[in-house]
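Colleague: I am new to this structure and would like to learn how to read its features. Where do we begin?

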Amino acid sequence: ATPQPPTRGALIVIEGLDRAGKSTQCSRLQQRIPNSRIIKFPDRSTPIGQLINNYLTSASSPPLTDQAIHLLFSANRWELLPSLLAALSAGETLILDRYIYSGISFSVAKGALSYEYCRSPDVGLPLPDGIIFLDLPPDVAAERAGFGGERYEKREMQEKVREVFKTVREREQGEWTVVDASASVEEVTERVWAATEKALRWARENELREIE
Ligand code: Z5A
Ligand code: MG
């Protein structure tokens, strides 16, 4: 018999506010899903990623304009696209630590760019099989380890981002699950896992789609 091509891998996105536990949950998921890999956005290791890192750590002088940094975050996703698609079609499941939804939320929250402008450069990227949003009330976030010194790590900005994320969840296609991230790490993992199982099942039965 001719060998069957492998079933594609699933594309799972973990989104959420600062200190919600995204990276913690991504690595716990990765341990549970055979043949899976974490991709973190921004990927600061590429040349575009280094420009982003300079911006976030206030090392770019003069600072990049809101448009320029927005487009770089998107370009950082597009530059990884060929390797993401190759992994998925080889059957590897990808767990994304932030994606276009952070891209829209942070840029819109700054106040100068429209929602439509912010989503448009990501149109055509692959649509996740499941998007899990870790929600953290601001008072709980404030109790977790303090903010670092990066550009967006300020309380007022974080509260605006949380508001925009609500709009993002209403407007952006895809299967969204909101998880209360103020529970214990283990409890959050169980809720994340329930949503992930759905996404894995969806990916076995459906073709990968594009963001429209
Ligand atoms: N950004 C953008 O503007 N546009 C874009 O397109 C993209 C991103 C993709 C860098 O992001 C910035 O880029 C970010 C958005 C913007 N700006 N901000 N702010 P980043 O992903 O590099 O940020 P990060 O450094 O990874 O931090 P984080 O996201 O804030 O953290 P996290 O991954 O969500 O949390 P964690 O590291 O897993 O946990 C945080 C702490 O809480 C840690 O001490 C844990 O041990 C603890 N923790 C975790 N879970 C729990 C529970 N359940 N209970 C108690 N404590 C917990
Ligand atoms: Mg993180």
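Modeller: We begin with residue classes: Ala, Val, Leu, Ile, Met, Phe, Trp, Tyr, Cys and Pro count as nonpolar, Asp, Glu, Lys and Arg as charged, and the others, Gly among them, as polar. Keep in mind that this is a predicted model.

Colleague: How is a pair of packed helices read?

Modeller: Two packed helices are described by the angle between their axes and the distance between the axes. Here, helix 3 (residues 66–89) packs with helix 4 at an angle of about 175°, the axes being 10 Å apart. Angles over 145 degrees count as roughly antiparallel, so helix 3 is roughly antiparallel to helix 4.

Colleague: Which residues make the contact?

Modeller: Helix 3 contributes Asp-66, His-70, Phe-73, Ser-74 and Arg-77, and helix 4 contributes Ile-100, Gly-103 and Ser-107. By class, the residues of this contact are two nonpolar, four polar and two charged.

Colleague: Which members of the largest nonpolar core touch the most other members?

Modeller: They are Leu-96, Ile-132 and Leu-134, in a core of 37 residues. Helix 4 provides the largest share of this core, six residues. Apart from this core lies another, of five residues, including Ile-48, Ile-52, Ile-69 and Phe-73.

Definitions and conventions
Residues are numbered from 1 along each chain as its sequence is written. Chains are lettered from A and ligands numbered from 1 in the order in which they are written. This is a predicted model: local features need pLDDT of at least 70, side-chain atom pairs count only at pLDDT 80 or more; totals for chains, interfaces and linings use all residues. A nonpolar core is a set of buried Ala, Val, Leu, Ile, Met, Phe, Trp, Tyr and Cys residues joined through C-beta atoms within 7 Å. A residue is buried if 20 or more other C-beta atoms lie within 10 Å of its own, exposed if 12 or fewer, and partly exposed in between; C-beta atoms are placed from the backbone. Helices (H or I, at least four residues) and strands (E, at least two) are DSSP runs, numbered from the N terminus. Axes are lines fitted to C-alpha atoms, for helices over the stretch in contact, and angles run from 0 to 180 degrees between N-to-C directions. Angles under 35 degrees count as roughly parallel, over 145 as roughly antiparallel, 65 to 115 as roughly perpendicular and the rest as oblique. Two residues are in contact if their C-beta atoms, placed from the backbone, lie within 7 Å.
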